[in-house]
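Visitor: I would like to go through the strands of this structure one question at a time. Please put it up.

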Amino acid sequence: TLVLSGYNTYATGTPSTATSTTVQSGTLVAGTSQNAVLGNGPFGPSGYGVTLGNASTAGAAVTLLNAGFYIANAIAVSANATAYTIGGSNTSGVATYAGALTLNEPTTLQAATGGETLFTTGAITTNSSAVTVGSPGNAGIVEVNGIITGGSSAVTVNYGTLFLNAANTFTGNTTISAGTKVIATNGGAFD
């Protein structure tokens, strides 16, 4: 596990097309929010992305916010993985991801029990990969304001509560396990 708590400036390449942070395996934790004035945060400047996994080596990678922090970096999940998790480990407050998510493998979106993880305006592109909400011990609130796209992608809620607030375009099934619920605040949330 690596916890980054500074307003880091490390990055290479051109913003929006480059990655500042890659997690091959293990857990990356944000220990502070993005600096609203400078645009720098624990995962580098907001214009640079975070990549989870490696396209050639199977592994498991996790990125978490451990409090009600705000992160603006885009996050991409590489193909060829065993398990990916994006979310918050906070038990109070709202952990907020403002960047786009690109999921090339099945990914779990989570919020710790008692906490909330908010995915704001960034779109979630699933590339036909399944999305699971919640895990044992992580039955908080996951709220998605961005559009979920990705053809036949399926969304499964195993634990906690999922809010879908946009006119989504994924066409796969939405499965709700016992004791969980999905709340759609937009008429096209399940389209």
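Visitor: Which residue is the bridge partner of T107 in β16?

Guide: This is a predicted model. Strand β13 covers residues 107–111, and β13 pairs with β16 (residues 131–133) in the parallel sense over 3 bridges. In β16, T107 has as its bridge partner V131.

Visitor: Which residue in β13 does T85 stand opposite?

Guide: Strand β10 takes in residues 83–88 and runs parallel to β13, joined to it by 4 bridges. Within β13, the residue opposite T85 is T108.

Visitor: How many residues of β13 are buried?

Guide: In a regular strand, side chains alternate between the two faces of the sheet. From β13, T107, L109 and A111 point one way, T108 and Q110 point the other way, and all are buried. Buried here means under 20% relative accessible area. The strand is therefore largely enclosed by the rest of the structure, and the count of buried residues is 5 of the 5.

Visitor: Which strands stand at the edges of the open sheet of 6 strands?

Guide: The order in this sheet is β8-β11-β14-β17-β20-β22, with parallel pairing. A strand at the edge has a single partner strand, so one side of it is left without a neighbour in the sheet. That applies to β8 (70–71) and β22 (181–184).

Visitor: In β17, what is the bridge partner of F119?

Guide: Strands β14 (residues 116–119) and β17 (residues 141–144) run parallel and are joined by 4 bridges. The partner of F119 in β17 is V144.

How values were computed: Residues numbered from 1 in each chain as written. Predicted model: local features only at pLDDT ≥ 70, side-chain atom pairs only at ≥ 80, totals over all residues. Heavy atoms only, no water. Pairing = 2+ DSSP bridges. Helix = DSSP H or I, 4+ residues; strand = E, 2+ residues; numbered from the N terminus. Buried < 20%, exposed > 50% of the residue type's maximum accessible area, 1.4 Å probe, protein only.
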